[in-house]
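Please read each point alongside the sequence and the coordinates.

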Amino acid sequence: MLTSPPDLHELARTIKTWGAELGFADVRIADVDLAHAEAGLQAWLDAGCHGEMDYMASHGMKRARPSELVPGTVRAIVARMDYLPMSRGDDWRGEEHARQLEPGAAVVSVYARGRDYHKVLRNRLQQLAERVKAAVGELGYRVFTDSAPVMELPLAEKAGLGWRGKHTLLLSRTAGSTFFIGEILVDLALPVDPPTGAHCGACQACIEVCPTQAILGPGRLDARRCISYLTIELKGAIPEDLRPLIGNRIYGCDDCQLACPWNKFAQRASLPDFDERNGLGAAGMVELFGWEEEEFNRRMEGSPIRRIGHERWLRNLAVGLGNAAASADLKGDAAIVAALQARAGHPSSLVREHVAWALGRHGVSLDTLEA
């Protein structure tokens with residue numbers, strides 16, 4: 001245990017050591033003045049780019065003012081945890097690209113194939129906070145990981161964990177973007193780390209590759225067009241004009257990360273929590289579409305996917321199965337058509353709508369079925 005009052009510089013170094021012991025790849029410290037981010041946040045909200053994510057606007061500018069969210073806060077301990085499964089090889093991006101070209105394959109974002117990162121990071125951050133509290137005695141703190149109205153990426157950028165790429169994700173020169181971040185807001189005036197500069201240069205790869213053109217320009221994302229938003233956050237029907245652009249991506253989208261040159265430096269996870277479960281790295285859409293709600297809930301226990309629920313799971317898969325018709329080999333495929341027909345009378349109007357659309361892509365109408 002450190003002496004009290006602690007040497008804050010020594011404590012900061014010790015916190016980083018503890019973070020490494022808990023599985024974090026990097027831990028840094030920032031002040032919590034995010035006034036520079038307020039205008040951009042307000043403009044983004046005013047333009048409606050947050051779509052149905054009302055929580056993005058419900059707290060107003062408090063999202064950019066951590067000291068209002070947690071009174072007394074003066075610093076943020078920001079931690080990075082890599083999630084690329086340990087089993088993935090150096091050509092993991094090529095493997096993901098190849099999978100997208102298999103029209104019957106179910107493509108799930110890499111981060112979501114393992115355990116729910118909220119639980120993993122929150123638990124580890126809580127342990128880190130408790131170590132700090134044990135060292136200093138009284139400590140006001142609160143732990144976050146994508147779970148409260150905090151502008152996490154500007155905090156991480158300020159702490160020097162990386163810079164905001166043109167796709168708006170955080171990028172690291174030594175780790176690309178395949179990592180999660182979490183924070184501990186504290187009332188302890190620890191020494192801060194310097195930010196790093198941006199290193200995207202003239203590269204436009206992420207902007208050019210986006211299937212739905214959701215990246216309007218450097219650092220400008222319209223979530224309403226983003227496949228991750230459409231398959232995860234959107235609760236209602238996916239706009240018809242965007243459905244064909246989703247392809248076989250049934251939960252999230254990694255395209256901008258796969259295109260980013262910095263992800264040749266992506267680091268493997270240090271924890272087994274992010275290893276693929278339930279065969280989600282190799283499953284077919286017909287197989288997953290056959291899961292009833294009980295099986296979905298059982299298999300997705302502890303997964304971030306479970307939070308969208310079975311209804312939206314079927315909605316997403318129906319779109320993917322409809323898009324399989326773009327392949328000459330799978331248009332009208334008997335197994336796909338049979339799987340969709342089995343859900344044509346589903347109790348949910350949301351599922352029925354997307355199933356009908358998908359069957360139409362395969363040249364099968366509901367009138368034909370009813371006849």
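1. Glutamine 213 is exposed, with a relative accessible area of 59%; exposed means over 50%, buried under 20%, and partly exposed in between, with a 1.4 Å probe and protein chains only. Glutamine 213 sits in the loop between α8 (205-209) and β8 (215-217). Although glutamine 213 is not a glycine, its phi is positive, at about 55°. Helices (H or I, at least four residues) and strands (E, at least two) are DSSP runs, numbered from the N terminus.

2. The model is a predicted one, in which local features need pLDDT of at least 70 and side-chain atom pairs count only at pLDDT 80 or more, while totals for chains, interfaces and linings use all residues. Residues are numbered from 1 along each chain as its sequence is written, and side-chain values use heavy atoms, with hydrogens and water left out.

3. Threonine 168 also has a positive phi, near 85°, and is a residue other than glycine. Threonine 168 belongs to the loop between β5 (163-164) and β6 (170-171). At 14% relative accessibility, threonine 168 is buried. Leaving aside residues up to four places away in sequence, threonine 168 touches Leu153, Gly219, Arg220 and Leu221, where contact means heavy atoms within 4.5 Å.

4. How many residues of strand β2 (residues 75-82) are buried? The count is 8 of the 8, so β2 is largely enclosed by the rest of the structure. Arg75, Ile77, Ala79 and Met81 are buried on one side of β2, and Ala76, Val78, Arg80 and Asp82 are buried on the other.

5. Strand β2 pairs in the antiparallel sense with strand β1 (residues 26-31) over 6 bridges; two strands pair if DSSP finds at least two bridges between them. In this pairing, aspartate 31 stands opposite arginine 75. Strand β2 also runs antiparallel to strand β7 (residues 179-186), to which 8 bridges join it. Phenylalanine 180 in β7 is the bridge partner of methionine 81.

6. Leucine 321 lies in helix α14 (residues 309-323) and is buried, with a relative accessible area of 1%. Its contacts, not counting residues up to four places away in sequence, are Met285, Val286, Phe289, Ile336, Leu340 and His362. The C-alpha atoms of leucine 321 and leucine 359 are 8.6 Å apart, although 38 residues separate the two along the chain.

7. The count of disulfides is 0, a disulfide being a pair of cysteine sulfur atoms within 2.5 Å. Cysteine 206 is in no disulfide, and its nearest cysteine sulfur, that of cysteine 256, is 6.4 Å away. Cysteine 253 is likewise in no disulfide, with the sulfur of cysteine 256 nearest at 6.6 Å. Cysteine 206 is buried at a relative accessible area of 8%, and cysteine 253 is buried at 17%.

8. Cysteine 253 is also among the residues lining the largest cavity, including Glu96, Arg249 and Leu258. A cavity is a set of points on a 1 Å grid over the protein atoms alone where a 1.4 Å probe fits but cannot get out, and lining residues have an atom within 4 Å of a point. The volume of the largest cavity is about 60 Å³, a volume being the space filled by probe spheres set on the points. At least two lining residues come from each of α5 (92-100), β3 (107-108), β10 (249-251) and α11 (255-259).

Terms used
On a 1 Å grid over the protein atoms alone, a cavity is a set of points where a 1.4 Å probe fits but cannot get out, and a pocket is an open set with protein on both sides within 12 Å along at least five of seven lines; lining residues have an atom within 4 Å of a point.
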